[in-house]
Each structure stands twice: as C-alpha cells, then as structure tokens.
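Please examine the sequence and the structure shown below. The briefing that follows is arranged by topic for a reader new to this structure.

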Amino acid sequence: DYHFPCSSHYSNNVFPEVLLDLVKELQRNGVSFDVRKLNVGDFLWVTREKVAPIPGQLQSPVGRELVLDYIIERKRMDDLCGSIIDGRFREQKFRLKRCGLRKPCCLCQTVKEVFARQLMQV
C-alpha cells in the first residue's frame, strides 16, 4: 500500500524565491511534499510505501519510494529563448531524455507571471 505525497524536488536552477512560492502554495492547499536536490530537471513526483510502526522501536521504519515517470523542467520564456540560443536547452533536453523517466515535460512560464507574483509579495 502506498500513499502519494506530491514530492517537490528542486535543482540548483530553482531560485529560492520560486521555491518559497511553491512551498507556500503547496502548504496553503494542504498538499504533502518533500523538498530535495535534483541533478536533472526541476520537479518530479515520488510515491512512498505506507509502513506500520513496529512496537518497541523508537523510529518508524521507512517505506520504499517509487519515482513516477514524470519529470518537469521549468523555464521562464526569457530563459528558454536564451538557452536555445546558447545551446543549454539542447543539453538539458538530452539529459532529461537520458534520465530514465519516460515523460519529461517542459513547463514554460512567462516573465510577466513571475514578476507579477513577486510584485504582489512586496
């Protein structure tokens, strides 16, 4: 038996303010999540095995984790254009295709959305 927390993982490319926005939004909506470092992509989902506590043990056993087949690379439109021009996008796409997950996705975000969210916090 598994439970399905939305595990939000991050890479070095996710800026702290974006990560903080995401964490706040997930908490506001009551979504269970973890934050971890990724070597490829920006977000993925993991399901965790439900494990019953063992009487007499101080810590509950840790269940197995299964990574679902989706991995997300988040890009602002200005960064996407720049990465296409300088070749980073091609390298990132290659790494995503080779990571072993069958459903890599690119989530494109307009600069206007990013800055509008930042302005609302000021």
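**Briefing: salt bridges, strands and confidence**

The side chains of Glu-91 and Arg-95 form a salt bridge, at 3.2 Å from N to O; the term denotes a side-chain nitrogen of Lys or Arg within 4 Å of a carboxyl oxygen of Asp or Glu. The model is predicted, so local features need pLDDT of at least 70 and side-chain atom pairs count only at pLDDT 80 or more, while totals for chains, interfaces and linings use all residues. Residues are numbered from 1 along each chain as its sequence is written, and side-chain values use heavy atoms, with hydrogens and water left out.

**The pair in helix H3**

- Glu-91 and Arg-95 lie four residues apart in helix H3, and are therefore separated by about one helical turn.
- Glu-91 is partly exposed, with a relative accessible area of 37%; buried means under 20%, exposed over 50%, and partly exposed in between (1.4 Å probe, protein chains only).
- Arg-95 is likewise partly exposed, its relative accessible area being 34%.

- Asp-79 meets Arg-88 in a salt bridge between their side chains, at 3.2 Å from N to O.
- Asp-86 also meets Arg-88 through a side-chain salt bridge, at 2.9 Å from N to O.
- Asp-79 counts as partly exposed at 24% relative accessibility, Asp-86 is partly exposed at 49%, and Arg-88 is partly exposed at 34%.
- Across the whole structure, a search finds 10 salt bridges.

**Strand pairing**

- Strand S2 (residues 43-49) pairs with strand S3 (residues 65-76) in the antiparallel sense over five bridges; two strands pair if DSSP finds at least two bridges between them.
- Helices (H or I, at least four residues) and strands (E, at least two) are DSSP runs, numbered from the N terminus.
- Val-46 has Val-67 in S3 as its bridge partner.
- S3 and strand S4 (residues 103-109) run parallel and are joined by seven bridges.
- Ile-72 has Cys-105 in S4 as its bridge partner.

**Confidence**

- The chain has a mean pLDDT of 79, and 77% of its residues reach 70 or more; pLDDT is the predictor's confidence in each residue, from 0 to 100.
- Within the chain, confidence is highest in helix H3 (residues 88-97), at a mean of 92, and lowest in helix H4 (residues 111-121), at a mean of 55.
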